[in-house]
Amino acid sequence: MDKYELIAPCHFGLEAVLKREIQDLGYEIKQVEDGRITFLGNEEAIAKANIYLRSAERILLKVGEFKALTFDELFEKTKALPWEEYIPRDGKFWVAKAASVKSKLFSPSDIQSIMKKAMVDRLGKKYHETWFKEEGAPYPVRVFLKKDLVTIGIDTTGDSLHKRGYRALSGEAPISETLAAALIMLTPWKKDRILVDPFCGSGTFVIEAAMMAANIPPGLNREFTAELWTNLVPKKTWYKVINEANDHINMDVDVDIQGYDIDPAVLKVARINAKEAGVEELIHFQERPVKNLSHPKKYGFVITNPPYGERLEDKKDLPLLYEEFGNSFKGLDSWSCYMITSYEDAEKYFGRKSDKNRKIYNGMIKTYFLEFRGPKPPRKKA
């Protein structure tokens with residue numbers, strides 16, 4: 001098949017970042033919805049999207065979409081889809097996840113079992129089988145119902161794309177790799193500008209930034225479900241995409257990326273993670289409290305995820321922490337600061353109203369991405 005419809009879910013509020021990433025890969029956008037983007041691409045797009053996209057959560061190969069108000073309708077319309085075009089005779093297939101929003105059909109377990117029966121019915125007739133051994137490659141199906149519209153896709157990814165393969169260890173409240181990457185891409189930061197994270201924790205922001213600077217694709221060191229789909233994506237396609245990706249990595253890039261934290265144990269974790277990601281040479285980690293945040297150069301960026309105080313006993317420490325952060329930042333002449341936090345008094349104690357405040361959901365937690373913009377650096381003379 002020349003063109004597939006591929007669905008890329010993402011964090012709510014970050015669709016524009018993912019849309020730009022997909023277009024930069026050269027693929028046509030078909031639809032932008034809350035929390036997901038549908039685009040068109042061939043079998044190479046399945047490999048490229050999984051390996052290159054930094055802000056997507058996973059890549060689904062869309063099988064079909066239809067309205068269903070009853071379980072009978074769900075069964076018949078699922079059965080009518082051309083499953084044999086995707087799942088071979090020995091394929092292992094199941095409905096791995098069902099989600100329903102504002103729809104008549106809302107029981108995930110019922111949706112999953114009815115759809116599996118419909119798939120077995122269809123494939124049984126096509127392959128003249130009454131029973132499937134399911135000993136081959138896995139084809140996990142995901143289904144999403146919204147206002148009775150059923151969207152069905154096969155998961156090409158496996159473990160979520162935020163699992164880059166470098167974070168063997170994490171701090172107490174880590175930000176996901178996909179969210180960190182998307183937030184960096186929302187800022188004007190480029191690899192020739194300084195970047196400091198004064199609450200670096202296990203290092204996610206600075207590691208993602210270093211990978212961007214060195215042109216290391218986020219999915220280069222992990223496996224994907226669709227690598228086993230030799231009926232749809234030839235092995236040579238994966239080798240081609242991986243070889244091209246390796247050719248474009250530049251470890252000689254000149255960058256100034258720094259991660260600070262007050263906890264030496266968590267900094268040790270950050271250094272291990274940076275090494276696993278292959279970027280330990282590009283990041284300077286240092287034990288330093290936020291009140292000592294400083295840098296001699298101008299026009300840098302602070303991009304960070306300060307403590308939220310999700311635990312009640314930590315809330316009492318937040319006013320002083322954000323006050324110290326704000327006071328230190330005042331000393332960073334001409335810098336910009338971008339922070340994600342769920343602390344509603346962040347601006348008050350930081351001592352400055354943000355230039356922009358975006359609402360972004362980090363899992364189930366409503367957070368704010370606050371932008372405190374500094375001046376642009378003067379243009380370099382030719």
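## Close-up views of a predicted model

**View 1. Helix H1 and its buried side.** In helix H1 (residues 15-24), the buried residues are Glu-15, Val-17, Leu-18, Glu-21 and Ile-22. Looking down the axis of H1, these buried residues fall within an arc of 160°, so they line one face of the helix. That arc is taken from the directions from the helix axis to the C-beta atoms. An α-helix has 3.6 residues a turn, so residues three or four places apart point the same way. On the face of H1 turned away from the buried side sit the exposed residues Ala-16 and Asp-24. Here, buried means under 20% relative accessible area, exposed over 50%, and partly exposed in between (1.4 Å probe, protein chains only). Helices (H or I, at least four residues) and strands (E, at least two) are DSSP runs, numbered from the N terminus.

A quick note for all views: this is a predicted model, where local features need pLDDT of at least 70, side-chain atom pairs count only at pLDDT 80 or more, and totals for chains, interfaces and linings use all residues. Residues are numbered from 1 along each chain as its sequence is written, and side-chain values use heavy atoms, with hydrogens and water left out.

**View 2. The salt bridge of Arg-89 and Glu-129.** The structure holds 22 salt bridges, each a side-chain nitrogen of Lys or Arg within 4 Å of a carboxyl oxygen of Asp or Glu. In one of them, the side chains of Arg-89 and Glu-129 meet at 2.9 Å, N to O. This pair links distant parts of the chain, 40 residues apart: Arg-89 is in the loop between helix H3 (71-79) and strand S5 (92-101), and Glu-129 is in the loop between helix H4 (108-127) and S6. Arg-89 is partly exposed at 44% relative accessible area, and Glu-129 is partly exposed at 29%.

View 3. Arg-142 forms a salt bridge with Asp-155, and their closest N and O atoms are 3.9 Å apart. Arg-142 belongs to strand S6 and Asp-155 to strand S7 (residues 149-155), 13 residues apart. Arg-142 is partly exposed, with a relative accessible area of 23%, whereas Asp-155 is buried at 3%.

**View 4. Arg-167 meets Glu-177.** The side chains of these two residues form a salt bridge of 3.3 Å, N to O. Arg-167 lies in the loop between S7 and helix H5 (177-186), while Glu-177 lies in helix H5. Glu-177 counts as buried at 2% relative accessibility, and Arg-167 is partly exposed at 22%.
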